[in-house]
Amino acid sequence: MLYAVAVFAPLLGALTAGLFGPYIGDKASQAVTILLMVVAAICGTLSFLPFLDGEGLPGTVSLGTWMQVEGFHVEWALRYDTLSAVMVAMVTFIATLIHIYSVGYMSHDATIPRFFGYLSLFTFAMLMLVTADNLVQLFFGWEGVGLASYLLIGYWYDRPSACRAAMKAFIVNRVGDLFFAVGIALVFLLFGSVEFPEIFARVHEHVGDSYHVLGGTWHALEVIGVLLFLGAAGKSAQLGLHTWLPDAMEGPTPVSALIHAATMVTAGVFLMARMSPILEYAPHALGFIAFMGASTCLFAATIGCVQNDIKRIIAYSTCSQLGYMFIAAGVGAYQASIFHLFTHAFFKALLFLGAGSVIHAMSDEQDIRHMGGIWRKIPVTYAVMWVGSLALAGIPIFAGYYSKDAILEAAFARGNAVGFYGFLCGTVAAFLTAFYSWRLLILTFHGTSRATPEKLAHVHESPAVMLGPLVVLALGAVAAGFAFEGSFIGEGWLEFWRGSIVNAADNTVMHDMHHIPGIIGLLPTLVGLLGIALAYVMYVARPELPGRVAAAVPRVYDFVLNKWYFDELYDFIFVRPAVWLARTLWQVGDARMIDGIPNGIAALTTDSSAQVVRIQTGSIAVYAFTMLIGLVLLVSIFLLFR
Amino acid sequence: MTGVNAAGFPILSLLTWLPLVGGLFIMTVRGEESVVASNARWAALWTSLIVFAISLVLWAKFDISDPGFQFKESLSWMPEFGVGYRMGVDGISVLFVLLSTALTPICILASWDSITTRVREYMLAFLVLETMMVGMFAAQDFIVFYMFFEGVLIPMFLIIGVWGGPRRVYASFKFFLYTLAGSILMLLALLAIWYRAGTTDLAVLMQTPLPVGMQFWLFLAFFASFAVKVPMWPVHTWLPDAHVEAPTAGSVILAGVLLKMGAYGFFRFSLPMLPQASQQFAPFMFTLGVVAVIYTSLVALAQTDMKKLIAYSSVAHMGVVIIGIFTFNAQGLQGALFQMLSHGVVSAALFLCVGVVYDRIHTRDIARYGGLAQRMPAYAIVFMLFTMASVGLPGTAGFVGEFLVLVGAFKVSLYLAYLGSFGMILGAAYMLYLYRRVIFGVITRDDLRGILDLSPREVAVFAPLILLTLWMGIYPSSFTQFFDATVHAMVESHTAALAAPKLAGIAP
């Protein structure tokens with residue numbers, strides 16, 4: 001019951017603010033949505049606590065039938081197990097803080113009820129996603145998240161760039177969603193059901209099933225794994241389908257925090273963990289997932305190093321961190337990937353909201369080249385940004401340390417080639433992560449200020465309503481790691497997860513990850529410290545270095561600065577041809593060719609009407625002859641019928 | 001009249017002919033121009049509302065476990081030819097009768113202020129149209145069906161040709177000639193079937209097997225007629241022109257009901273009567289369906305006219321329906337039926353959305369708009385809802401049909417499912433692009449600065465459609481239960497029919 005309240009309270013808030021906002025006013029809309037979010041967070045946390053003590057009883061809350069077509073049966077139901085409960089607690093908690101923060105951040109906005117309505121809708125869609133008891137309901141939440149993100153990214157709809165980014169996010173997501181939908185259809189074809197309990201119970205029956213596609217015969221479970229991953233890749237911005245994520249920065253900053261921390265991008269990772277019973281029997285799909293995750297992890301980190309927009313840097317860091325989570329899923333350590341998702345939610349929300357506080361202080365300046373020297377003026381923001389960066393870089397005792405190390409250890413412990421690739425990319429990325437985090441900190445807060453005097457004069461600390469959530473998140477970014485390590489991946493993991501995530505009998509990575517050489521365990525921390533040192537050297541000790549490096553390898557620098565030219569590439573191979581094709585099909589295909597025939601006949605008739613007059617000779621013989629032809633035609637058609 | 005049906009009175013005939021009675025009443029109205037117009041409006045609205053209220057009896061009394069025809073009526077007409085006035089609805093047609101009776105009052109309400117000339121004749125045309133539509137879906141005799149099927153053309157032709165836009169004559173002739181050309185072949189096929197079976201009773205014909213060789217030709221003849229009506233690529237080009245020139249309500253009924261006639265024909269005739277040929281032609285139909293989805297979605301992307309864009313999107317959505325029909329499995333068929341219903345509601349609503357701004361600014365040029373969200377927040381929400389329904393967002397009507405077809409198509413082939421669902425991506429592209437250009441952005445034109453949000457009358461027009469869209473999306477079982485039994489029987493008899501000749505060893 002509490003559980004259902006946690007899921008539906010945000011919906012109620014969204015509807016109230018969205019439909020009655022203009023009538024009840026800004027204050028009331030904020031109050032209602034926040035109150036309902038607090039209720040949801042309390043209920044969500046209360047539903048989660050029993051699992052932490054190992055006393056939670058998994059179950060389902062049935063809400064009714066959705067679709068019922070000859071064996072294709074889909075229920076509306078809420079699944080209650082450790083995995084869902086973790087997600088519900090985390091999502092409601094983070095989203096509540098973001099709601100509260102938004103009161104301050106959006107205080108000058110013209111349509112406040114709309115904003116809070118969207119935020120709550122976003123939260124609701126994510127909650128439906130994580131509590132789904134079947135794939136189609138998961139897809140409902142999945143698409144709902146897509147809609148809410150579209151609305152929020154395009155919140156400032158008077159900006160063309162925001163509208164474009166919103167559309168891009170929705171359409172790129174849809175590319176992935178199509179694979180996901182096809183994957184669901186394949187699951188139904190194979191299992192005759194889309195309900196989780198039924199699928200998971202019968203996975204072993206279908207291990208040997210094969211499916212014929214792309215000119216080859218594959219294990220059906222492998223095909224499902226790949227299709228679901230391609231869906232997840234869209235939502236979780238993995239390499240190839242990541243292009244929407246940086247552009248999503250066009251939305252207000254609290255939205256970025258919500259997208260990157262609690263809702264949206266974590267959905268793909270969640271899907272991998274949820275489908276672990278199937279993925280465990282799809283080793284090649286898992287290898288593919290780990291490979292893509294590792295590549296994304298490194299790729300995004302390189303871009304993060306050269307970006308100049310404070311939000312973009314953090315956005316690429318999300319992309320990179322998601323890569324880690326997919327590495328973990330790909331090596332079979334789903335628990336570690338959810339653990340990282342959990343800790344990441346705290347420090348990524350913290351970093352974004354902290355960046356929002358900086359932007360707020362700097363009168364909407366986002367370029368770190370025009371900041372600097374402001375740390376004394378905004379000490380609280382400065383302090384929490386440090387905490388967030390320490391957590392992100394994986395420095396000991398901070399949250400990220402526990403989860404990121406666990407992933408790299410698991411990748412190493414897996415002992416196969418792709419696991420090692422993951423370990424390698426992950427370690428290099430850890431170095432880059434530390435480097436760009438401190439580059440951001442130093443350029444934003446330290447040195448002499450590069451801002452205009454007017455902006456500098458305006459710099460002020462944010463109000464308490466914004467700082468409060470920041471401090472709470474900072475506490476989470478410190479404590480979420482060591483407080484939960486024992487349950488998520490430590491000695492208590494079996495009792496904690498209670499089968500909500502499945503590891504196959506031969507998958508012992510959860511055990512092996514704790515038994516790797518000591519130096520391997522230390523490596524991520526060491527490279528992290530090195531990254532910080534490098535940032536110090538380049539931006540404090542020898543500030544002329546970055547320019548010289550960029551000048552020394554201009555091609556490389558441009559390549560990375562321009563995000564590996566993915567946008568240009570897609571524009572060239574997808575967008576332009578589509579636009580060209582659209583015009584051609586319309587103006588040549590439809591207008592000239594298809595319409596050309598009947599219009600041509602019509603023209604021919606008009607032109608030849610003069611001739612037709614001549615045919616009307618009045619001669620009965622001619623008429624009879626014409627009728628005969630008609631009769632022959634008719635009879636021959638009748639004969640052909642036989 | 002044989003027996004008493006579940007309603008206790010000849011409900012289908014009443015539903016069919018009552019609008020015509022209302023129309024006759026309107027014709028008798030005399031007096032001053034404005035009084036006549038007002039009376040005609042009210043009379044038409046009340047007639048259509050009463051018809052709708054009566055049609056709800058069908059909803060309540062329909063026996064969902066019976067796959068056959070219900071509420072049957074029968075009068076002998078030309079007994080020597082085996083032709084009779086036979087009415088009846090089964091799971092496939094019953095909801096389309098309701099769709100027709102539900103959309104007609106909405107259309108009349110939507111034309112309340114926008115039609116100012118020849119109001120009496122306009123209302124009359126709509127009521128005649130309702131008679132034809134209901135009769136078409138309720139007909140259980142081939143000849144009766146054919147008469148209504150063709151009869152629909154006449155009022156629609158007039159609605160476009162008299163109350164349409166500047167190129168209305170071109171559009172209405174194109175509409176008429178295209179759809180008529182196909183119908184003639186259907187008449188020929190009809191004669192051939194009657195020649196063999198000696199009756200035109202659909203219930204009997206469905207049980208009469210036809211030789212496979214003959215089926216081949218009959219299928220082509222039916223195809224010629226239905227493909228134009230659907231419309232399927234490449235005979236779809238009449239639709240954008242007709243939509244663009246038609247008045248708003250004309251577009252609504254054209255997209256909402258008339259577009260369903262073709263697909264309904266495939267359901268009613270091609271599938272049950274020509275099982276082997278349908279099976280044989282399935283790959284061909286799939287190809288056309290996929291081409292329709294991708295080709296017309298792309299064309300929609302390039303449009304600069306709001307109505308044309310939505311018209312092209314209709315062709316794409318109907319492509320999905322065609323794919324669903326020819327999968328011959330329960331998910332595909334039910335998905336196709338559901339998609340037809342949901343498209344009937346959603347595309348109707350989208351045309352109404354266009355009508356709202358057209359009534360105010362008198363242009364459909366997308367570039368003339370922009371930034372409407374500032375002045376028309378309620379309109380922006382409504383438009384967003386129907387945009388999302390058109391895109392197939394789960395929780396709206398559009399998703400269920402599309403997804404069921406995807407599942408059904410997957411049983412045939414992964415590629416078919418993938419390509420057939422490509423509208424998921426392209427649909428999102430053209431609909432969001434439309435939405436962005438019309439609703440988002442900043443207002444740059446003076447006439448848009450003073451534009452007013454939805455009026456109470458417009459809210460009343462949209463409210464039932466919003467309700468239906470969400471209802472169909474969240475609890476589609478209320479609707480699918482109607483066609484469950486009939487579709488199940490169809491699938492079974494189709495499978496049986498395909499198995500039969502193989503057993504008998506008859507070569508085609």
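Start on chain A by selecting α17(A) and α22(A), which cross in a right-handed sense. A crossing is right-handed if the near helix is turned clockwise from the far one by less than a right angle, and left-handed if anticlockwise. Helix α17 covers residues 417-445 and helix α22 residues 518-541 of chain A; their axes lie 8 Å apart at an angle of about 35°. Axes are lines fitted to C-alpha atoms, for helices over the stretch in contact, and angles run from 0 to 180 degrees between N-to-C directions. Colour the contact of α17(A) with α22(A) by class: 19 nonpolar, 3 polar and 1 charged residues. Ala, Val, Leu, Ile, Met, Phe, Trp, Tyr, Cys and Pro count as nonpolar, Asp, Glu, Lys and Arg as charged, and the others, Gly among them, as polar.

This is a predicted model: local features need pLDDT of at least 70, side-chain atom pairs count only at pLDDT 80 or more, and totals for chains, interfaces and linings use all residues. Residues are numbered from 1 along each chain as its sequence is written, chains are lettered from A and ligands numbered from 1 in the order in which they are written, and side-chain values use heavy atoms, with hydrogens and water left out.

**Chain A overall**

Zoom out. Chain A has 28 helices and 4 strands. Helices (H or I, at least four residues) and strands (E, at least two) are DSSP runs, numbered from the N terminus. The C-alpha trace of chain A spans about 105 × 65 × 60 Å along its principal axes. Of its 642 residues, 60% count as buried (under 20% relative accessible area; exposed is over 50%, partly exposed in between; 1.4 Å probe, protein chains only).

Select Y316(A), in helix α13 (residues 310-330) of chain A. Y316(A) counts as buried, because its relative accessibility is 2%. Beyond four places in sequence, Y316(A) touches P246(A), A300(A), I303(A), G304(A), Q307(A) and K563(A); contact means heavy atoms within 4.5 Å.

Next, E70(A), in the loop between β1 (59-69) and β2 (72-80) of chain A. E70(A) is not a glycine, yet its phi is positive, about 45°. At 33% relative accessibility, E70(A) is partly exposed.

Then A237(A), in the loop between α7 (220-235) and α8 (244-247) of chain A. A237(A), also a non-glycine, has a positive phi of about 55°. A237(A) is buried, at 0% relative accessible area.

**The core**

Show F72(A), Y150(A) and F326(B): they touch the most other members of the largest nonpolar core, which has 441 residues. Such a core is a set of buried Ala, Val, Leu, Ile, Met, Phe, Trp, Tyr and Cys residues joined through side-chain atoms within 4.5 Å. Helix α5 (residues 160-191) of chain A gives the most to this core, 20 residues. Around F326(B), contacts beyond four places in sequence include F219(B), F266(B) and M285(B).

**Chain B**

Go to the loop between α9 (212-229) and α10 of chain B, which holds P231(B). The V230(B)–P231(B) peptide bond is cis, omega about -15°. P234(B) sits in the loop between α9 and α10 as well, and the bond from W233(B) to P234(B) is cis, with omega near 5°.

Move to D241(B) in helix α10 (residues 238-245) of chain B. D241(B) is buried at 10% relative accessibility. Its contacts beyond four places in sequence include D595(A), R167(B) and K308(B).

Finish with helix α13 (residues 275-301) and helix α20 (residues 423-438) of chain B, whose axes come within 9 Å and cross at roughly 15°. α13(B) is therefore roughly parallel to α20(B) (under 35 degrees; over 145 is roughly antiparallel, 65 to 115 roughly perpendicular, the rest oblique). This crossing of α13(B) and α20(B) is left-handed.
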